[in-house]
Amino acid sequence: MSGAYAGMPMAMDPLAAGLSEREERIIQESMMEFSQLQSWRNVTAGMWEEIAELIDPPSRNTFYYGAFNWPGQKKTERQIDSSGMLALQRFKAIMDSLLTPRNSTWCQMGSEDDYLMKQRGVRLWFEETNAKLFKLRYNMRANFSSQNVNYYQNLGAYGTGTMWAEELSEFVEQYGPGPRYRCIPVGEMFLRENNQQMVDGGIRWFRLSAHAALSAFGKEALERMPAIKNALSMASEQPFDFIHRIVPRKDFDPGKLDAKNMPFGSYVISLQARCLVRPEGGFYRLPFYSGRYDQTPGEIYGRGPASYVLPALKTLNAQKATFLKQGHRAADPVLLTRDDGILDMNMRPGAMNKGGVGPKGELLVHALPSGNIQINEKMMDMERTLIGDAFLTTLFQILME
C-alpha cells in the first residue's frame, strides 16, 4: 500500500472522538503532509527497491508506506552476484574508520568566541565536557557504534541516512541519564527542506507492538487507543502504525512556558486510533540529522554510490548468471553423438561405454563447446572494478599504502 490514507480512519467529529479542535487540526495537517511527502518520494523509493535487490536484500519491500515483511523472510532470490554487497560492507567500514574512528576523539567542543578560548579555564572545561560526552556516546547503552555503521550503509546504498538521538528511557535509575541513538531505516523517514536546502523537519512512520507502545507512551495513552489496549491484554504481538511529525512551529512564542516556546513542534499520532498519543511537544533543535551523500537539483533525498553504478550492478548480476551457466556446462558438458551412436551414456566414474570410439580410435562422442568463459570472467572483473571505485575501496587502499 502506498496510498496516504490506506487503512486509516476517515475524518470524524472531533467532539465525538474526544478530541479538541486544536488536536483535530493537528491531525488533519499531519495526515495531509504525510500524503504529500509520500507522493513526492515514491519515484525515489522505486530506485531504492532496485538497489536493495542487488546489494541490500534485507531492506527490500520497506520503502513504501504500508509495506509488511514477516520477520526472517528470505529476500535474496534475485541476487546472483554478491560483489556489490561486499563493496557496500567495505564502504561503511571505510567511512567509519576515516570519519568517526573510535580510537581517537573525532569531535571537539568549543566556543565561537576566540577570546574565551584563550582562557585556560575555559579550554579545560570544554575538554573535560567533550571527554564526558564522547564517553557517553560510546557507552554500550547509547548504541552509537552499531547505528553509526548502519548510517554509513544507508548513505552508500541509498544516498540518504538519518540518525535519531533521544534520551535513554531505560537503565536511567541504575546508570544515570544518557543518549540513545537509532539509525532510522530510509523507508520510515519522510523529509522536508527549507529554502536553503536544509532539512527542517519530517515525518517518521513506524510500527510498535502493544507492549512496545505501553513502554513508549504509558498507560494513560493506551486509554485513547482501545485496539492497542485490547491487544496488550491478549499479549498480542500485532504491530500498530504511528507517525511522528516534527516541523517548524507556526505559533512559536519564546515567551510561553509550554511547548510553544520551542521552535519545532512534535506530534505523535496513532493511525489506527487517529489521535495524539502524547501531549503536544516540541524541540529546541531537531532530534535527528539527515545526511545526503550527493544531492541533485530539485531533489530532497541524496544519491549514493550505488545509484551511480546501478547499471554496472545490474550488468554484473546478469554476467554472473551467464558465467554460472558456462561453468556448469564446462563441468557437466552436453554430449554430441551420431544419430546411430550411444543412446544412454553412463557418466559414473569408472563406467564403460561401448561404441564411443571409432575403428581408428577417433572419438565418436564430443562435448558441446560452452563458450569462452575467460572473456566473461574479464568482463565481470571490469564491472567489479567500477563498483569498487564508486564505493571508495580503491581509494582506501591507496591511503593505506
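Q: Is Asn130 buried or exposed?
A: The relative accessible area of Asn130 is 6%. Buried means under 20%, exposed over 50%, and partly exposed in between, with a 1.4 Å probe and protein chains only. At 6%, Asn130 is therefore buried.

Q: Which helix holds Asn130?
A: This is a predicted model, where local features need pLDDT of at least 70, side-chain atom pairs count only at pLDDT 80 or more, and totals for chains, interfaces and linings use all residues. Residues are numbered from 1 along each chain as its sequence is written, and side-chain values use heavy atoms, leaving out hydrogens and water. Helices (H or I, at least four residues) and strands (E, at least two) are DSSP runs numbered from the N terminus. Residues 120–137 form the helix that holds Asn130, named α4.

Q: Which residue has its backbone nitrogen 3.1 Å from a polar atom of the Asn130 side chain?
A: Contact means heavy atoms within 4.5 Å. Leaving aside neighbours within four places in sequence, Asn130 is in contact with Thr105, Cys107, Gln108 and Met109. The backbone nitrogen that lies 3.1 Å from a polar side-chain atom of Asn130 belongs to Met109.

Q: What is the relative accessible area of Gly201?
A: Gly201 is in strand β4, residues 199–208. Beyond its neighbours within four places in sequence, its contacts are Leu191, Arg192, Ile246, Leu286 and Phe288. Gly201 is buried, and its relative accessible area is 0%.

Q: How are the rings of Phe34 and Phe190 arranged, and what is the name for such a pair?
A: The whole structure has 21 aromatic pairs. Rings of Phe, Tyr and Trp (its six-membered ring) pair if their centres lie within 6.5 Å; planes under 30 degrees apart count as stacked, over 60 as edge-to-face, the rest as tilted. Phe34 and Phe190 have ring centres 5.3 Å apart and planes at 90°, so the pair is edge-to-face.

Q: How many residues apart are Phe34 and Phe190?
A: Phe34 lies in helix α1, residues 21–55. Phe190 lies in strand β3, residues 189–193. Both are buried. The pair links distant parts of the chain, with a separation of 156 residues.

Q: Which residue has its charged end over the ring of Phe190?
A: A charge sits over a ring if NZ of Lys or CZ of Arg is within 6 Å of the ring centre and within 35 degrees of the ring normal. Over Phe190, 3.9 Å from the ring centre, sits the charged end of Arg41.

Conventions
Polar contact = N/O pair within 3.5 Å; in protein donor to acceptor, adjacent residues only side chain to side chain.
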